Amino acid sequence: MPVYDFCGLCTDDSVDVSIYDMNEEIEKEIFSGTMRDAMESDWADFEVESFDLTPDGLCLNIDTSEG
């Protein structure tokens, strides 16, 4: 499911979310903002590989090497 669709499942698009790139060449957080911002980001079309609930909120894991 793409980041855009995943974020669309949430009822409050002002919730904070981060996106982590699992690409072996990057392996770091590449986005931090609201669900609304994530839906409009450069990463909106990448597939969510997995997600984590962290003390800071929701983190979506993507792999840009596959996009």
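How many aromatic pairs does the count come to? The count comes to two aromatic pairs. Before I describe them, please keep in mind that this is a predicted model.

Take the pair of phenylalanine 6 and phenylalanine 51. The two rings are tilted, with 5.4 Å centre to centre and 55° between the planes. This pair links distant parts of the chain: phenylalanine 6 sits in helix H1 and phenylalanine 51 in strand S3, residues 50-54, and the two are 45 residues apart. Phenylalanine 6 is buried, at 16% relative accessible area, whereas phenylalanine 51 is partly exposed, at 47%.

The other pair is phenylalanine 31 with tryptophan 43, also tilted, at 6.4 Å centre to centre and 55° between the planes. Here too distant parts of the chain are linked, with phenylalanine 31 in strand S2, residues 28-34, and tryptophan 43 in the loop between H2 and S3, twelve residues apart. Is phenylalanine 31 buried or exposed? Phenylalanine 31 counts as buried, because its relative accessibility is 12% and the limit for buried is under 20%. Tryptophan 43 is partly exposed, with 22% relative accessible area.

Next, the core. The largest nonpolar core has 14 residues, and those touching the most other members are Val3, Cys7, Val17, Ile19, Ala38, Leu58 and Leu60. The elements giving two or more residues to this core are H1, S1, H2 and strand S4, which spans 57-62.

Which residues is alanine 38 in contact with, leaving aside its neighbours within four places in sequence? They are Val3, Cys7, Val17, Ile19, Phe31 and Ala44. Phe31 in that list is the phenylalanine of the pair with tryptophan 43.

Serine 18 lies in strand S1 and is buried, with a relative accessible area of 11%. Not counting residues up to four places away in sequence, serine 18 touches Glu29, Phe31, Ser32, Leu58, Cys59 and Leu60. Among these, Leu58 and Leu60 are also core residues that touch the most other members.

On to charges. The structure holds one salt bridge. Arginine 36 and aspartate 13 meet through their side chains, at 2.9 Å from N to O. The partners are 23 residues apart: arginine 36 is in helix H2, residues 35-39, and aspartate 13 is in the loop between helix H1, 3-8, and strand S1, 16-21. Arginine 36 is partly exposed, at 36% relative accessibility, and aspartate 13 is partly exposed as well, at 30%.

Last, the cysteines. How many disulfides does the count come to? The count comes to zero disulfides.

Technical notes. Residues numbered from 1 in each chain as written. Predicted model: local features only at pLDDT ≥ 70, side-chain atom pairs only at ≥ 80, totals over all residues. Heavy atoms only, no water. Disulfide = S-S within 2.5 Å. Salt bridge = Lys/Arg side-chain N within 4 Å of Asp/Glu carboxyl O. Helix = DSSP H or I, 4+ residues; strand = E, 2+ residues; numbered from the N terminus. Buried < 20%, exposed > 50% of the residue type's maximum accessible area, 1.4 Å probe, protein only. Contact = heavy atoms within 4.5 Å. Core = buried A, V, L, I, M, F, W, Y, C linked by side-chain atoms within 4.5 Å. Phe/Tyr/Trp six-rings, centres within 6.5 Å; stacked < 30°, edge-to-face > 60°.
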